[in-house]
Number of protein chains: 2
Amino acid sequence: MARVEIGQHLGMSPASVSDLTASLLDEGILVAEEAADSASGLIRGRPKTRLYFAETLGSVVGVWTGFNRIELRLVDSAGRNRASRHIERPLRNLGAEELMDVLAGTITAFAEESGAHDVKAIGLACQGYVDTKDGIVAWSPVLGTRDLPLASGLGDRLGKPILIENDASAMAFAITQRNSDLRSGRTACLMVGDGVGLGFLIQGELYRGARFGGSEFGHVRLRRSGPQCRCGGRGCIEAYLADYALHRDAQLIDHRPAPTLLLPSEDAMESIVEQARAGDPALHNLFQAAGEVLGDAVGILIQTLEPDHIVICGPGTRAMDLLRPSFEAALDSQTIPELRALAAIHVVESSMDLLTEGVVMQALRELDLDLARLRAA
Amino acid sequence: MARVEIGQHLGMSPASVSDLTASLLDEGILVAEEAADSASGLIRGRPKTRLYFAETLGSVVGVWTGFNRIELRLVDSAGRNRASRHIERPLRNLGAEELMDVLAGTITAFAEESGAHDVKAIGLACQGYVDTKDGIVAWSPVLGTRDLPLASGLGDRLGKPILIENDASAMAFAITQRNSDLRSGRTACLMVGDGVGLGFLIQGELYRGARFGGSEFGHVRLRRSGPQCRCGGRGCIEAYLADYALHRDAQLIDHRPAPTLLLPSEDAMESIVEQARAGDPALHNLFQAAGEVLGDAVGILIQTLEPDHIVICGPGTRAMDLLRPSFEAALDSQTIPELRALAAIHVVESSMDLLTEGVVMQALRELDLDLARLRAA
DNA sequence: CTGTTTTATTCATAACCTGAACAAATGATC
DNA sequence: GATCATTTGTTCAGGTTATGAATAAAACAG
């Protein structure tokens, strides 16, 4: 970003920006563009010199822990992706200490094999209600324990600051960071995949509820006596829309094999979608019911929060064509048209690896703030 | 509030507060307490001298427009209540121009008979989705028209700035202004009365959705084929809990007379509640079903927003004893216990006249900002 | 009457941002 | 290719705002 643009974003005069950036450049925190790329073409005037964060300020590891998978990503302080990989590893039946040992070991091994010796912080996205201030997983559908002090546990093992975030919030953050339109006003990101989660942002900042967590919108009960959900309740939004729910119901319809690793693979889900597209009426009904629930869910969001943007994202968007007719019918039937019209609905195809991007971005931001604090001292 | 307290609230040093308040005292905007009230008792040290807004800076009229009633209140710039009254007047079948004529006439008459010649602004609370920035009623369950430019229409007639707010938001604001606990964290105020509305506050500031309106939570559909709602939909929260809904169903049970003025009076509602308390099983069931819906509604709020405080307010709290058993059962059955435990639930008995207090407070605040702008210029 | 406690004020100072003028770097034009 | 227009970035003096430290003021305690 060039100095003028920074000024416009912050509502500051160019003079101030120049002043502040000069000292940051001196300290090596920022680096100026090598310029002379020319080929700028038709713009008159002195060309902008963009400023970047130096890439030598340390790197950050972003981690997503799923039901049976760990996604890892290494990013340097300039925001460039340095390495990423994922590991199949069931985490379901581990005790608290064991879980943290496995995570710490995996992260250390990943950093080493990526040749990163300057890891400054670790960002972790996980399912459930996360106390983002104290780094505690207050409740999770996949962990047996509750009030798990994940940040301090990993911090003790790795000796680095740990940032924890709900996975849907992390994805919502990544998506809004990529699309500046979504950073103005209120944006509700509904992530459909392994589960259903909501990340809600006001003017680009993640909404925080009590204990500084996000939302457990996926476990809102839509149908009093609906299907079983893994949270223990019945009729939750998730119990219709999550991969595990769709696969469970598909198994009853056509006796396909149960997933080998507890949760269905992407291939297994694709196969359900393909067969439904090919015309299998029972599977088609499955997606019709899911679409209806999605419409009801978005309807609740509109009537309650009246967001400017609603984003439907996550692997579940793979079946959006099958969901759409019943989704739109349900949405229209339950919202006041004048209010419905105020919300723009976006479908963003995104896989789970966007999650690590989200937590990395947040961890980098925290790092920046730390830098600011260091400089102040 | 004393200077020290102002400093604590604003996170400023006493020196700065002293400096700023001195100039405001000079200009006559603030007035210092006459002190020497003594009787302070056990506190050592120099006694605080509280500062108040002068009462000579003009007054504000707060108005609530209901289905068949107009509530009015006159408050001076010191925040003291000067006059209030209410008028029975059906507003339902008026056209836009006619409605604004009636309102303007009523407000002028009220100000005159109260001897207020220094009315500086008017705050108006009304049902429906209100664009608080442009002063437009985008949608309302009681008005035929949509996108009614109420603020500019009344502004033209009265020649004064008009502030419009959703009625539930106005009541929520008044309640949080009275109880400082509710101004920290996130507070969801569910107002049950003529209709059902939600005012949601984050750190004491009203949440604004798209077009700067609030929430139409009362028209979230809880039951797919539930009872008819006045919004045109079916199974809305309001269609179970609002006075008109309870009275409509009570009429079917015991053939009581229809309300004379479209909406049931407080007496009529009291009589239903009394008979249910006395043991009428069908009426008792009515409140049981309503309590269940209230529990589901609060459950959605907890799972979606995870507020620190939930306030149930409005005339509907008159039957809280009847609602409570099914309310708590429904709430517990649909929320994750760990999340349920994070929200404190308060029941605040409040009648509709608290609404005018809410809009007056907001209008006064706007006036203060205007003052600040004037001083700056 | 002196000491303690809390509130409020004074004042020099530091931090921060800004407008205005100016320098720099490019495209456009004749 | 010299000059002008246009946009970016810098320098600098000055204004606003908040602050810490010292001090005064107003009460109670013993």
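**Sheet, helix packing and DNA-facing surfaces in a predicted model**

In chain A, five strands are arranged as an open sheet with mixed pairing, in the order E12-E11-E10-E13-E14. Strand E11 (residues 196-202) of chain A is paired with E12(A) in the antiparallel sense, over two bridges. Within this pairing, Ile202(A) has Glu205(A) of E12(A) as its bridge partner.

In chain A, the axes of helix H9 (residues 281-305) and helix H10 (residues 320-334) come within 7 Å and cross at roughly 40°. The crossing in which H9(A) passes H10(A) is right-handed. On the H9(A) side, the residues that meet H10(A) include Phe287(A), Ala290(A), Gly291(A), Leu294(A), Gly295(A), Val298(A) and Gly299(A). Among their counterparts in H10(A) are Leu323(A), Phe327(A), Ala330(A), Leu331(A) and Gln334(A). By class, the residues of this contact between H9(A) and H10(A) comprise 11 nonpolar, six polar and four charged.

In chain B, H1(B) and H2(B) pack at an angle of about 115°, and their axes are 9 Å apart. H1(B) likewise passes H2(B) in a right-handed crossing. H1(B) contributes Arg3(B), Val4(B), Ile6(B) and Gly7(B) to the contact, and H2(B) contributes Pro14(B), Val17(B), Ser18(B) and Thr21(B). Four nonpolar, three polar and one charged residues make up this contact of H1(B) with H2(B).

DNA strand C is surrounded by 26 residues, of which the closest are Ala15(A), Arg46(A), Ser18(B), Gly45(B) and Arg46(B). Two or more residues of this surface are given by each of helix H2 (14-26) of chain A and helix H1 (3-10) and helix H2 (14-26) of chain B. H2(B) gives the most to the surface near DNA strand C, namely five residues. The composition of this surface is 10 nonpolar, eight polar and eight charged residues.

Around DNA strand D there are 25 residues, the closest being Ser18(A), Gly45(A), Arg46(A), Ala15(B) and Arg46(B). Here, helix H1 (3-10) and H2 of chain A, together with H2 of chain B, each supply at least two residues. With five residues, H2(A) gives the most to the surface near DNA strand D. The residues near DNA strand D divide into 10 nonpolar, seven polar and eight charged.

The contact between the two protein chains takes 32 residues from chain A and 32 residues from chain B. On the side of chain B that touches chain A, at least two residues each come from strand E8 (136-139), helix H9 (281-305) and helix H11 (337-340) of chain B. The largest share of that side, five residues, is supplied by H9(B). In terms of class, the side of chain B that touches chain A has 14 nonpolar, 10 polar and eight charged residues.

Terms used: Residues are numbered from 1 along each chain as its sequence is written. Chains are lettered from A and ligands numbered from 1 in the order in which they are written. This is a predicted model: local features need pLDDT of at least 70, side-chain atom pairs count only at pLDDT 80 or more; totals for chains, interfaces and linings use all residues. A residue is near a molecule or strand if its C-beta atom, placed from the backbone, lies within 6 Å of it. Helices (H or I, at least four residues) and strands (E, at least two) are DSSP runs, numbered from the N terminus. Ala, Val, Leu, Ile, Met, Phe, Trp, Tyr, Cys and Pro count as nonpolar, Asp, Glu, Lys and Arg as charged, and the others, Gly among them, as polar. Two residues are in contact if their C-beta atoms, placed from the backbone, lie within 7 Å. Two strands pair if DSSP finds at least two bridges between them. Axes are lines fitted to C-alpha atoms, for helices over the stretch in contact, and angles run from 0 to 180 degrees between N-to-C directions. A crossing is left-handed if the near helix is turned anticlockwise from the far one by less than a right angle, and right-handed if clockwise.
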